[in-house]
Amino acid sequence: MKKITIFTLFSLFLLPAVAQRKASLDIGWKFHRGDVVNAEVAEYDDSKWRTLTVPHDFSMEPAFDLSDERQRTGGWSDVLVGPFSRLSIGNWDTGQTVGGTGWYRKTFILPIQGNASLDTYLSQTNVNIRFDGVYHQAEVWVNGVKAAVNVYGYMPFVINLNKILADAKNRRHDNEPVVTVAVKVVNEGLNSRWYAGSGIFRHVWLETTEKLHLDEWDAYVDGSELINKGKDANVKVFAKVFNEDAHSAVTQFCVDILDAAGIPVAHHEKELTVGASNAAGTDVAIELPVKTPRLWSLEDPYRYTAKVYVSKSGEEKDALYIPFGIRTLHFSAEEGFLLNGKPTKLYGGCVHHDNGLLGAAGIDRAEIHKVELLKAQGYNAVRCSHNLPTEAFLNACDSLGMLVIDEVFDQWEEPKRSNDYSQYFARDYMKDMALMVRRDRNHPSIIMWSIGNEIAQRADIPRGKEIALNLNLAVNENDHTRPTTMAINSFWDRPQFTWEKDSHRAFDYIEVGGYNYEWKHYEADHDSFPDRIMYGSESFPKEMAQNWNLVDKHPYILGDFVWTAIDYVGEAGLGHTYERSDNRWIQFLSWPWFNAWCGDLDLIGDKKPQSYYRDVLWNRSKLAMAVRPSVPDGEYEDVNGWGWTAEENHWNFGKAYLPIELRPENYQTSNVVGNLKHNVNGHRSDSLRVNVYSREPRVRLLINDSIMGEKDTDPETYTATFTVAYEPGSLKAITIPQAKKAKPDSLEFITALPPARLTLKADRVSISSSHNDLAYITICVEDEEGHLCPTAEIPVEITVSGPAAVVAGTGHPYDMHSFRSLRPTTFRGKALAIVQPQDQSGEVTLTVRAEGLEEAQITIEMK
C-alpha cells in the first residue's frame, strides 16, 4: 500500500460548537495537468503530483514545460509565452490561453470525536462536500465511487458522503474514516466567449451537521419591509428543517436578530414537528419586528445577523449565522429606483469574474479589492457578467455598499459557441436559476435577478416566451422581493425582426428592461410603453455622455452599466483603436492581444483616460484633460465601439513617444496584418490634440503659463478641443465658471524628468497568513522630483524572500512577456506585484531593481 498524505481537520475542533458545520478543504490538494488513467481510484499513487491550494486556475500556468529543449533554445518563442499559446483554439475569446484536462486529489480524515466508530458517526451525522465552482465540466469520485458530474462551471454543487460511505466496500483502511476525493476537470472546445479559467477555481468545503439540521441555501432572511410608517422593520425568516433520522422530532425553530455588535434586538421561536426521514425538509416561517432599524445603504452598508437555529429537548442541534440588511427597494417609471425611499441612479459597470493577473481564481481578498477599486471610482452598482460571481464578491458588495445585478446565463438553447452551456440548458435551466436565487438572496446588495444576456430567443414565440416565464417562476418561488431583468440587444441575430415591431416581446416577461447599446430607443420606447422601467445594461465607453444625458433627464431610466468597468482577459482587443485609410470592420484582435482593453480601469486597477472623463460626467471632478498625437494626413482614427480615442493623461510627448494604440506592433496582429494601411511614422509632436473635459461652459488652456486659447465646451459632450505644439514643461487647463463669484478649477500636467528611482506602495503592509489574503504592491518609476514617469517602459526584476507566492505584471493589453512575470516591463510607468501568503506566518520581502535606477524594497507582515 502506498503512503498517503492525510489532512486532519483540526479547525473543526477549534471553533464553537455551532460553527463546526463548515470547514475549508482548500489546502493540500494534489494536482496533475493533463489526462491520466485510473486517477479516480482511491489507491492511485499521486505522490509525484504537485501539492497546491485552491482556488486554483491551471490556465494561468505556463502553456509549456520550462524544461523543454525547444523552449530553452527559443524554438517555441513565437508560439508559447507564459500561459499564452498561438495554438489556443479559443483565440481572442479566451485571450490566447489554453484549457485542457486537470486532475485534483485530496485525502483527509473525517472529524470523528472520541472513540466513535465510522458507522456510529454516519448514523448521527450528515456529511457533505461542497464545491463552490469547478470550471468547466467536473467529474468527482469519492473513495473510487463516481459521486457527481457538474457541467456548468460557475454553479456550486454538493456531494453527500453518507450513502457512499455507508457501503463497507467504499471505505478505506479497515473502516477508518479516511476519504479520498478525486476531481477530473475538462475545459475543452469552444465553451465561452471570454476567459473563464480552468480547474477548482473556487472554494471547497466540508459540511457536517446532525441528522436534524438546516441548510444554507434553504434559509432566507427578508429584511425588505418597513412598518409603522417606516419606523420599524418586519423581518421575515423562511427556512426548511431537515430530519434524516428514522424517528420524527418535536423541535423548537428559533431566530435571534443580532446587531453589528452581536447584541440581540429581536427573538422569536415556534414549535415544529418534523417527520422521520424527511430529506425534503419541512417549511417554516417566522416574522420578527425590529424597532428603529439601521438601514443598509450605499453610504452606510449596515448589516444585522440572523441566528437561525433548531433545538430538540433544549439542546441546540444546528445553527446558521446569516448576515442580512434591512432596506427597501422600489422601482417605477414615475420615480425610478428608490433605495430606502431615496431616488438612486445606478452608476454602473459590467464586470467579468476574473481577477486580472490571478486569472479566475476566486481568492477572497481579490474580490474585496475589486469592489474597493470600483467604489473608489464612483461606481455604486455592478452587473455580474454573465454568470454567478463568487460569494466573496457578493459579501464584499454587501459590506462596502455596492448594488448588484446578479446574472446566470449568457445563452439559452441557441448556442453562442459550439460547446457552451446551451447543450445542457433545457435540462438544467430551472434548477440553475433557482440555485442562483437560493444561494444569493440573503445579500442586501442584490437588487435585480437577470435571466440572461443578449439571448437569441428573447423575442421568439412560443419557445422564448415559455423559457422566460419559467425563469420568472423559478425566481419568484424563491424570492419575490426583487424584480427580474434581462440584457436585451438589437436583432442582428434575428434579421427578420425589428426593434419597433418585435422587441416588446422580450420586455413583456421581465419587470425591468435592460438595454444593451440601445440608448437611442429610450425616449421612443417610453412613448409607446410609458410604464416600462429601463436602464443601460451595457453601453459603449465612447457613448457615455449620450447615455448619461438621458439618465439624468428621465426618471424611468435607472442608470447605465458601461462595458466594462475593469479590463479582463479574453475578448482580446475589443476596445482597440486604429488609424487607417481603409474601412474594414474588425471587432477582436488576435496574437499577441490577450486583454479586452475596454475597461475604465486597466488589468491592474489603474485609471485609463476614459475613467477621468467619466469623473466629469458623474460630477466627481470639475475638470479632466487628455492629449493625443495628431492623425497622419489621409487617415482617420477608427475607435471600435468599446474603445476610446488614443489619448493619455500626461505631458510627455516627445517625438519618440506614441501611445500603444499607435505603435507599429499594434498593426501586426495576426487577423489584421496586411489589411490595414497606416503610416506609423506620420505623427507630429508639433500637432497634438488636447481635449479638455468639463461641465463648465468655457475653459482656457495654457502651456508654460502662456495662453493657448479659450473655448466653449460642447454642451452635449462637455468637451473643448485644442491643437497645440509640444513644449516640455507645463500643460494647464482652467475652467471659466458661469457664476461670477465661483472660483475656477485647474488641472496641470508637468513633464516628468528622466527616470531616477523605483518606489513601492502596498495597499496593506500587514495581512493575515491565510491563502485567502493578498497584498497588492504598486511599482512606480519616478523622476528625481518624485513625479511618475508616465511613458517609462523599463524592464524590472522582482526578487522575493519569505513564505509567500508572488505574481506580477502590468496593464498592457498585448505585452505577453510581462503578464504574470517577475521581470515585467513597466507600462505607463507602473507594474503590480501581488503577494499571496501560504498559510504560514512570517514576513515576505520584495526587492525591485532596474538598470540605472535606485532600487526599492518593501516588507509585508503576515500574521
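**View A. Strand 8 and its pairing with strand 13.** In this view, 7 bridges join strand 8 to strand 13 (residues 204-210), and the two strands run antiparallel; strands here are DSSP runs of E with at least two residues, helices are runs of H or I with at least four residues, and both are numbered from the N terminus. Two strands pair if DSSP finds at least two bridges between them. Within strand 13, Glu-207 stands opposite Asn-128. This is a predicted model, in which local features need pLDDT of at least 70 and side-chain atom pairs count only at pLDDT 80 or more, while totals for chains, interfaces and linings use all residues. Residues are numbered from 1 along each chain as its sequence is written, and side-chain values use heavy atoms, with hydrogens and water left out.

**View B. Strand 8 and its pairing with strand 11.** Strand 11 (residues 157-160) pairs with strand 8 in the antiparallel sense over 4 bridges, and Ile-159 in strand 11 is the bridge partner of Ile-129.

**View C. The two faces of strand 8.** Because 7 of the 7 residues of strand 8 (residues 125-131) are buried, this strand is largely enclosed by the rest of the structure; buried means under 20% relative accessible area, with a 1.4 Å probe and protein chains only. In a regular strand the side chains alternate between the two faces of the sheet. Thr-125, Val-127, Ile-129 and Phe-131 are buried on one side, and Asn-126, Asn-128 and Arg-130 are buried on the other.

**View D. Surroundings of Trp-412.** Leaving aside neighbours within four places in sequence, Trp-412 is in contact (heavy atoms within 4.5 Å) with residues including Phe-425, Ile-451, Leu-471 and Met-486.

Conventions: Buried means under 20% relative accessible area, exposed over 50%, partly exposed in between (1.4 Å probe, protein chains only).
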